[in-house]
Amino acid sequence: MPKPLPAKSPAKPASAAARTPSKNVAAKKFAAATDAKPKSATVKSAAKKAVAKKVAKKPARTLGGTSTGKAASKSASKPAAQREKRSARLSPPEIGEMFSRLQSLNPHPTTELEYSSPYELLVAVALSAQATDVGVNKATRKLFPIANTPRQIAALGVDGLKPYIATIGLFNTKAANVVALSQQLIDLHGGEVPRDRAALEALPGVGRKTANVVLNTAFGEPTIAVDTHIFRVSNRTGLAPGKDVVAVEQGLLKVVPERYLQDAHHWLILHGRYVCKARKPDCPHCVIRDLCRFQDKTPGDPEPVAA
Ligand code: SF4
């Protein structure tokens, strides 16, 4: 007759074994875990590689969402500082730095036109369209000692004025305008140059640029008259890019720090006239070369000596 199993030594249920694992059970678990690990690591690593491949194929995305995969792979090989693409526009600190440098090279800039009264300046600026300041000065050095008030010029008349300014381009039209604006100053403003944009722009031959120069240079108003030089410098450097002079003027008035507004006009004109020239800008000697965004800078070793 089979012997009954002793009641005090029943086989341990699996759950109990799990609750009080013996060294063997723990060892088995450890072994199972260590056996499984290489497998799962291999799978994970393969998956990682697959994802990495996918990511490499996809166009990279930046916060702005504008980078391409090519750009990203290029930039990945560059240090972080170089990777950061500069904006096409100068930042406010860069603009401050730009004017600080222009100011230190020329603390008191002014127009190169010779004048001794707002009226003389108005006439000189009116004559300077499509002419050089040097050419205008040559003419006005002869004219102003003879006639330098609205009444005197009006008295000269168009035919009397022409011989003085015949060396300046478009002198026929300019003579007619200067005599007419002189008469208007007598008729409407008591022979004085008005300190008012609308009144200035209402004068014959006086446009926004001339009005801005007179307001800025004769009356100390913080205006900026955008001529060909300022237009070029503002666009090349990234200071205030714009498709026409009004857009550039408005851009400049927004970005030029207030403390530089009064003189910005002169600094930018002089910079455009003597350094940032139309045909071959003198980039190697340009004091703002490192800030400037112009892509086709004239090559040469940087040597900042001129504003
Ligand atoms: S670096 Fe060259 S293009 Fe730029 S502002 Fe200077 S002269 Fe002009």
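**Figure 1. Contacts of K162.** Leaving aside neighbours within four places in sequence, K162 touches F171 and A175. The model shown here and in the other views is predicted. K162 is a residue of helix 8. K162 and A175 are 13 residues apart along the chain, and their C-alpha atoms are separated by 5.9 Å. K162 counts as partly exposed because it has 16 C-beta neighbours inside 10 Å, a count that lies between the limits of 12 for exposed and 20 for buried.

**Figure 2. The whole protein, for orientation.** The protein contains 14 helices and 0 strands. Read from the N terminus, its elements run α-α-α-α-α-α-α-α-α-α-α-α-α-α. The protein has 307 residues, of which 28% count as buried. Among the contacts with a separation of 6 or more, 54% join residues 24 or more positions apart. The mean pLDDT is 80, and 71% of the residues reach 70 or more. In residues 1–78 the pLDDT is below 50, and this stretch has 14 contacts in the model beyond near neighbours in sequence.

**Figure 3. The bend in helix 8.** Helix 8 covers residues 150–165 and spans only 16 Å between its end C-alpha atoms, whereas a straight helix of 16 residues would span 22 Å. At G157, helix 8 bends by about 100°. The buried residues of helix 8 are P150, I153, A154, L156, L161, Y164 and I165. These buried residues pack against helix 6 (118–127), helix 7 (133–143) and helix 9 (171–189).

**Figure 4. L170, between helix 8 and helix 9.** The loop between helix 8 and helix 9 holds L170. Phi of L170 is near 60°, a positive value in a residue other than glycine. L170 is partly exposed because 14 other C-beta atoms lie within 10 Å.

**Figure 5. The enclosed helix 6.** The buried residues are Y119, L121, L122, V123, A124, V125, A126 and L127. They pack against helix 7, helix 8, helix 9 and helix 11 (208–218).

**Figure 6. Q130, between helix 6 and helix 7.** Q130 is found in the loop that joins helix 6 to helix 7. Although Q130 is not a glycine, its phi is positive, at about 55°. Q130 is exposed because 9 other C-beta atoms lie within 10 Å, and a residue with 12 or fewer counts as exposed.

Figure 7. Helix 12 consists of residues 228–237, and its buried residues are I230, F231, R232, V233, S234 and T237. Helix 13 (245–255) and helix 14 (258–274) are among the elements that cover these buried residues.

**Figure 8. W267 in helix 14.** W267 belongs to helix 14. This residue is buried because 22 other C-beta atoms lie within 10 Å, and 20 or more make a residue buried. W267 and P109 are 158 residues apart in sequence, yet their C-alpha atoms are 6.5 Å apart in space.

**Figure 9. The surroundings of the ligand.** The ligand is surrounded by 13 residues, and the closest are C276, P281, C283, C286 and C292. The shell around the ligand is made up of 8 nonpolar, 1 polar and 4 charged residues.

**Figure 10. G300, after helix 14.** G300 lies in the segment that follows helix 14. Leaving aside neighbours within four places in sequence, G300 is in contact with C283 and P284. C283 is also one of the residues closest to the ligand. The C-alpha atoms of G300 and P284 are separated by 5.2 Å, and the two residues are 16 residues apart along the chain. G300 is exposed because 12 other C-beta atoms lie within 10 Å of its own, and 12 or fewer is the limit for an exposed residue.

How values were computed: Residues are numbered from 1 along each chain as its sequence is written. This is a predicted model: local features need pLDDT of at least 70, side-chain atom pairs count only at pLDDT 80 or more; totals for chains, interfaces and linings use all residues. Helices (H or I, at least four residues) and strands (E, at least two) are DSSP runs, numbered from the N terminus. Two residues are in contact if their C-beta atoms, placed from the backbone, lie within 7 Å. The expected span of a helix is 1.5 Å times one less than its number of residues. The bend at a residue is the angle between axes fitted to the seven residues ending there and the seven starting there. A residue is near a molecule or strand if its C-beta atom, placed from the backbone, lies within 6 Å of it. Ala, Val, Leu, Ile, Met, Phe, Trp, Tyr, Cys and Pro count as nonpolar, Asp, Glu, Lys and Arg as charged, and the others, Gly among them, as polar. pLDDT is the predictor's confidence in each residue, from 0 to 100.
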